[in-house]
Amino acid sequence: MNVLRSGYVRRRTLVASALLVSSIVAVAQAAPSPALAQPRITTFKEAFGHEIGEDYFLANYTQLSSYFKTIAAQSPRAKLVDIGGTSEGRRQLMMIVSAPENIKNLAKYQNIARRLASAHDLTPEQARALAAEGKSVVWIDGGLHADETVPAQALIAAVYRALSDNDAEWQRILKDTIILFAQANPDGQELVADWYMRNANPKERRQSQTPRLWNKYVGHDNNRDFYMSSQLETTNINKVLFREWYPQIVYNPHQDAPAGTVVFLPPFRDPFNYNLKPQLITQLEEVGAAMHSRLISEGKPGSTMRSGSSYSTWFNGALRTTPYFHNAIGLLSEIVGSPTPYPLELVAGTQLPRNDMPDPVKPQMWHLSQSIDYSLSMNRAVLDYASRNRERLLHGIYTMGASEIAKGSRDNWTTTPLRIKALEEAAKGREKASSYGWDQETTVLPPELYDKVLHDPVRKDARGYVIPADQADFPTAIKFINALIKNGVKVSKASAPFTVGAKSYPAGSYVVMTAQAYRPHVLDMFEPQDYPQDFPVPGGPPTPPYDSTGYTLAYQMNVAFDRHTEGFTGPFQVVTEEQAPPAGHIVGSGKAGWLIGHETNNMFILTNRLLKAGVQAAWLTDATDVDGRHFAPGAMWVPADAKAGAIITKGVAELGINAVALADVPKGTKNAVRSARIGLVDVYGGSWDLGSKPSGWLRWLYEQYEFPFKQVFPKELDAGNLTARYDVIVVPGGTPGGPYPAPAEYGGTFSNAQPKPEEIPAEMREWLGRMSDEKTVPQLGAFAKAGGQLVTIGRANKMAEPLGLPVRNALVETGKDGKPVPLPSAKFYIPSSLLSAKVDPTHPIAYGMPTDAMVFFDKAPTYVPNEGAAGVKRIAWYPGPNTLKSGWAWGQEKLDGLPAALDVTHGKGRVIMLMPEVAQRGQSHGTFKLIFNSLYRVGAP
């Protein structure tokens with residue numbers, strides 16, 4: 001199912017006569033000025049027979065990389081570097097462009113950028129001197145979202161212009177700046193361009209209906225991975241941004257623009273994240289203003305900002321937002337464009353000039369070349385700003401970093417909405433009215449409350465965090481540590497035991513101090529987000545956030561850590577490279593077999609290796625104490641076997657888990673655990689949020705933990721007889737029939753139109769089809785009734801009622817017709833936040849979990865058993881009226897006592913209803929066990 005925005009699809013499929021902006025053609029064919037002795041640079045047309053920006057043409061990544069290699073060899077302004085491999089095995093290229101004399105001294109300027117960004121061991125005088133000597137570093141990418149074709153094509157044009165332009169402004173830019181041009185998603189460009197160009201008739205080329213995700217596993221979510229850094233391309237980019245080059249400006253272009261406009265540019269709407277520096281926000285607005293002004297001065301109308309769209313600076317994790325938490329300016333543009341020309345729409349509200357849309361654009365037929373022309377102007381605006389403000393930008397990233405180091409070295413407080421609420425509560429009855437200006441009135445509070453409430457000693461920011469080495473799932477904590485390291489955060493490891501306050505920690509524990517330049521990122525990964533209540537009209541619906549409102553990574557990964565608000569020292573050594581978990585051990589010398597706890601996620605890797613080798617294994621159903629050690633329910637028993645011994649010996653050392661070699665078989669009930677035939681539901685298409693992306697994340701996850709599985713598409717599901725091929729079928733959120741609500745930033749709906757079978761390669765035709773209540777759900781129900789295990793995640797749980805499960809939607813009220821209707825958002829609204837949940841770790845689906853967990857709740861369907869229903873067991877539930885831990889929750893008291901996960905008997909089998917997003921973007925390691933435990937055949941054969 002291809003789930004492009006319906007209007008977007010319509011635009012991309014309209015056909016019109018070709019038009020190429022003359023300025024692009026002229027530039028592409030122009031020879032450099034002989035007076036400057038600039039070598040002639042091959043044009044893309046000379047290399048491949050097409051202009052960049054030509055109607056009905058898209059260059060693929062093979063062409064881009066070949067072209068970049070050609071022109072890099074021709075120009076002293078360029079250095080082409082390989083920044084790493086991609087998910088599909090390509091090489092990700094970055095072109096460094098600057099004046100020839102700067103190219104010869106890149107190491108020098110790279111070191112200056114590093115020293116200023118780290119702000120460590122520099123006096124103010126030294127920083128000023130380095131800023132005066134250094135060069136602005138600007139990152140400009142293209143193609144992150146591959147079906148947004150303008151940025152990747154504009155990148156090619158931009159690099160050509162960077163190597164061939166010779167006007168005075170460009171010469172100044174080259175002298176003052178070092179530009180990092182990079183393709184952010186090579187695999188996606190190859191797929192989307194080849195898909196578009198596959199039809200020999202240009203007028204029949206369509207960009208829509210791409211068959212699969214254009215980032216191997218995560219599609220659009222490659223722009224939600226930057227604080228997690230789970231994907232190869234993300235890790236490559238993070239290394240450049242935060243560990244090698246430290247750009248002061250990161251420009252990440254996208255499309256599509258809001259209807260009736262050409263491009264959205266900064267500044268952004270509120271809220272901005274409270275961990276960010278005010279200096280960063282104001283400089284961001286400066287660059288945005290320069291971009292708008294450049295377009296308007298060049299007669300390029302149609303740009304909008306702030307209220308023109310929903311983009312904000314709250315969410316960490318995107319290519320343009322993660323830099324904010326590293327004191328760098330992150331820029332986003334969202335521009336119209338397609339290789340197939342289409343008309344700009346007439347929207348009445350965009351024709352009246354206003355502050356956030358000063359220069360309206362008239363409806364017209366729009367061509368890709370025009371979008372590229374706009375893109376080149378926006379690049380110039382950014383680079384001109386970087387050139388004119390070179391020293392200020394370099395010194396600014398230092399001052400922000402130095403300020404964060406200072407904040408982490410003394411008492412400091414961060415003001416959030418909850419602290420303002422506390423301030424207002426403390427001031428009740430003591431408010432005063434104050435007038436100012438002409439007729440403006442406001443309310444003022446007693447000034448002594450500032451220190452008493454906003455600087456309450458109990459509410460101080462952390463000076464540092466300790467991640468103990470003796471926690472239950474230390475290998476997962478290591479994954480968290482690695483996410484920080486890949487983001488350039490300074491992490492230390494204890495070489496010996498140490499004590500902070502009254503608490504002692506073992507050697508091997510990790511320490512993250514906040515006295516570092518990237519303190520905003522540290523706080524954002526450890527501390528809860530406090531999103532403001534955003535209701536434009538009291539009692540009305542909320543303003544949807546741009547993306548996640550609560551995402552604290554330490555919470556999502558269930559990492560145990562201690563937060564310390566006083567300074568401390570210890571036997572700490574900084575680690576700069578990714579860490580491996582400390583080797584596990586086999587404890588004891590018994591010959592009967594091995595007992596392995598269920599607490600680590602890595603235990604599933606070991607389990608899968610044992611089952612693949614045909615080794616017998618079983619889960620103990622009860623807690624047991626053996627050889628002085630306590631094992632919670634779910635401990636895995638592996639009888640003695642030479643093959644098992646070799647796998648366990650190697651596995652525990654590599655995976656950081658321990659096994660106990662017992663002399664006797666442990667007592668108690670043992671349920672055999674066997675490898676299951678796993679079917680992972682997927683659908684045709686991969687362009688947007690709800691197509692195959694949720695399934696893609698699970699594919700990635702299953703591969704990381706070595707689960708065998710097979711993708712299963714709607715046609716196969718509809719054909720039935722599923723128990724002949726599968727033991728477990730997993731339905732990710734978003735895969736049942738559509739169309740679906742779009743994310744908040746897009747409004748509207750997605751198109752789930754699919755091509756005709758004859759329009760696509762034969763090997764893809766079995767992917768076609770849609771899940772439906774009429775055909776698919778009955779077959780899934782029959783599968784469960786015949787003994788299969790059906791696992792539904794997130795929004796997929798909406799099939800509970802058509803399946804006929806004895807449950808009902810709990811988040812409803814009585815409508816005008818007397819029937820239940822969903823609660824309106826004015827009464828209940830929890831968008832993408834972290835909530836607390838209670839878990840029953842004696843249930844096999846929850847084996848290995850603690851009794852308290854964090855779950856990612858994103859408008860999740862929530863069901864309760866019908867009164868008197870049999871065969872329904874509660875696995876997890878929301879305790880109490882205040883479950884919000886990070887993010888935004890309105891009406892959260894309505895969740896009090898409601899289930900988060902249910903085990904529902906259905907005929908001979910069962911349906912496991914995991915209602916939160918337990919695999920959220922590969923980040924929620926703390927709830928992975930709920931998925932993994934459900935993927936085995938457990939019990940008697």
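Helices (H or I, at least four residues) and strands (E, at least two) are DSSP runs, numbered from the N terminus. Okay, some ground rules. This is a predicted model, where local features need pLDDT of at least 70 and side-chain atom pairs count only at pLDDT 80 or more, while totals for chains, interfaces and linings use all residues. Residues are numbered from 1 along each chain as its sequence is written, and side-chain values use heavy atoms, leaving out hydrogens and water.

Let's start with Thr 261, which sits in the loop between strand S5 (249–254) and strand S6 (263–264). Is Thr 261 buried or exposed? Thr 261 is buried, because its relative accessible area is 3%, and buried means under 20% (1.4 Å probe, protein chains only). Which residues does Thr 261 touch, not counting those up to four places away in sequence? They are Gly 302, Thr 304, Val 336, Leu 344, Thr 350, Met 357 and Val 361; contact here means heavy atoms within 4.5 Å.

Now over to the helices. The axes of H12 (residues 278–297) and H13 (residues 368–388) come within 9 Å and cross at roughly 135°. Those axes are lines fitted to C-alpha atoms, for helices over the stretch in contact, with angles from 0 to 180 degrees between N-to-C directions. So H12 is oblique to H13; angles under 35 degrees count as roughly parallel, over 145 as roughly antiparallel, 65 to 115 as roughly perpendicular, and the rest as oblique.

Who meets whom there? Residues of H12 including Gln 283, Val 287 and Leu 295 meet residues of H13, among them Tyr 374, Met 378 and Tyr 385.

Last stop, Phe 480: not counting residues up to four places away in sequence, Phe 480 touches Ile 467, Met 525, Phe 526, Leu 553, Ala 554, Met 557 and Val 559.

Notes:
Buried < 20%, exposed > 50% of the residue type's maximum accessible area, 1.4 Å probe, protein only.
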